[in-house]
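Dear colleague,

My findings follow it, and I would be grateful if you read them with the structure open.

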Amino acid sequence: MADYVITGKEVLGVEFGSTRIKAVLIDEKCNPIAMGSHSWENRLENGIWTYHTDDIWSGLQDAYSKLNEDVEQKFGTKIKTLSSIGFSAMMHGYLPFDKDGNQLAEFRTWRNTITSKASEILTDEFGFNIPQRWSIAHLYQAILNGEEHVSDISFLTTLAGYVHWRLSGEKVLGVGEASGMFPIDSNTCNYDSDMLNKFSSLEDVKKYSWNIKDILPRVLTAGENAGYLTEEGAGLLDVSGNLQAGAIMCPPEGDAGTGMVATNSIAPRTGNISAGTSIFSMVVLENQLSKVYEEIDMVTTPTGKPVAMVHCNNCCTDFDYWVNIFYEFTRLSGMDISKPQLYDMLYNTALDGDKDCGGLLSYNYFSGEPVTKAEKGRPLFVRCENSNFSLSNFMRSLIFSTTATLKIGMEILEKENVSIDRLTGHGGLFKTPVVGQRIMAAAMNAPVSVLETAAEGGAWGIAVLAQYAYNSENLSLDNYLDKNIFSKFKSTTIEPDAEDVKGFEEYMKLYKLGLAVEKSAADNI
């Protein structure tokens, strides 16, 4: 294997997640062979959720350095050349630049709910749902706000597009990531031309010298060449100077697209649920929905197929904070329990709770939640005086809260009679075997599968796309995944338990009633 690494046939995939930047190295058969990661956190500054630009680069360099250490430990050498590279990141957000490449405003992430007016106007103008976190909503809100930097915009992109641009010189995006900037026409796999014209015709937009068509990244589909790693890019990635330029770059994608690849969910009637800091479902459609829904985002696969996406800003963060409280107790009591052991213990005790959580109710809203029209977040736990307050019910209510808002959005697809043959889960919620999978099956009232690749996540998914760009073997992406990758991986499937489903439905009745309490907490505390 050391000889293999030295030849430079390996492929690098990097994903910028909400709390971790992960770098994965795979061989030519897409097997993970090394990994490095870096932890980071978003900041709430002046009312805006953001990451500093310096943190982007120091985090990437640290993750790559740790990957190199893993490679050297395993194979006795450091990485010198790569066949191909792919970058992925949290979708959406706002990163504007002037003609000289200077960043004009702080990076505004998907987590912000500060563009409600722009979202409302554009949705009405386009006849197409424009969520608050989309790049075009952020741009138009900045216009409505009269922000001075808007007149100087020469290029607008996402985090994945920004990193790719700096390393390759190419201002491009994969079509899946681009669909979170501006609506995509799946027939052309490009930005919707009618909507581009409608945006340019808005009175607030006409006063600017730039045209929206010129400041958005060029759109590419999976398998296309998106440029090459430059010498400057190699130096930015590998501060040790060992890495050489020249690797093929695949189109940068968002975490939604890499999640679809990592779960083999890019064909019609397949779907996946990504559950980590945020939670979202992606269902590849056979037909367009009958009308516009504010709760449903219409995006695409990395090949341009239409996808119904239910995106919720909050998932496991509140649960993680509660685990930290219990971890403090174990330290205080002198117990020798590791964090992973504690997670497993607390997850598993949730299975012993009452099916409906015994009347306990939890809201995991650290930030606003557009699906339920909550403008601000306040993590909240509520119970009645006669609720069955036990540890198992408490942990069960916390896990239920991670999926409750998603359930509200998915109920719309049920009413639209959207068919789903396969629903695959990945992300932190599914790390402990069975528990998250069983509760998700109850919430969705559908079988939920987890692949043995689920732990690799989006970094592995973008690495697969990079390998596909390097050598597609003239196969479509879905055929490539079926033939070369997922035929060799095992999966586990859990069917919904009737009593669990009934319990979750009872919890949801209380959850919907309690949303008024959650919103009041945000207004008054």
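In this predicted model, the second largest pocket holds about 470 Å³ of space. Its lining consists of 20 residues. Those nearest the centre of the pocket are Ser116, Ser119, Gln132, Glu294 and Pro370. Helix H3, which covers residues 116–126, supplies the largest share of this lining, with 5 residues. Sorted by class, the lining comprises 8 charged, 7 polar and 5 nonpolar residues.

The loop between strand S7 (95–97) and H3 contains Gly101. Is this residue buried, exposed or partly exposed? Gly101 has a relative accessible area of 30%; because this value falls between the limits of 20% for buried and 50% for exposed, Gly101 counts as partly exposed. Leu144 is 43 residues away from Gly101 along the chain, and the C-alpha atoms of the two are separated by 24 Å.

I also examined a pair of helices. The axes of H14 (residues 391–415) and H18 (residues 498–524) come within 10 Å and cross at roughly 80°. Angles of 65 to 115 degrees count as roughly perpendicular, and therefore H14 is roughly perpendicular to H18. On the H14 side, the residues making the contact include Arg396, Phe400, Lys407, Ile408 and Glu411. On the H18 side, Asp500, Phe504, Tyr507, Met508 and Lys512 are among them. By class, this contact of H14 with H18 has 7 nonpolar, 5 polar and 5 charged residues.

Yours sincerely

Technical notes:
Residues are numbered from 1 along each chain as its sequence is written. This is a predicted model: local features need pLDDT of at least 70, side-chain atom pairs count only at pLDDT 80 or more; totals for chains, interfaces and linings use all residues. Side-chain values use heavy atoms; hydrogens and water are left out. Axes are lines fitted to C-alpha atoms, for helices over the stretch in contact, and angles run from 0 to 180 degrees between N-to-C directions. Helices (H or I, at least four residues) and strands (E, at least two) are DSSP runs, numbered from the N terminus. Angles under 35 degrees count as roughly parallel, over 145 as roughly antiparallel, 65 to 115 as roughly perpendicular and the rest as oblique. Contact means heavy atoms within 4.5 Å. Ala, Val, Leu, Ile, Met, Phe, Trp, Tyr, Cys and Pro count as nonpolar, Asp, Glu, Lys and Arg as charged, and the others, Gly among them, as polar. On a 1 Å grid over the protein atoms alone, a cavity is a set of points where a 1.4 Å probe fits but cannot get out, and a pocket is an open set with protein on both sides within 12 Å along at least five of seven lines; lining residues have an atom within 4 Å of a point. Grid points are joined across faces, edges and corners, and a volume is the space filled by probe spheres set on the points. Buried means under 20% relative accessible area, exposed over 50%, partly exposed in between (1.4 Å probe, protein chains only).
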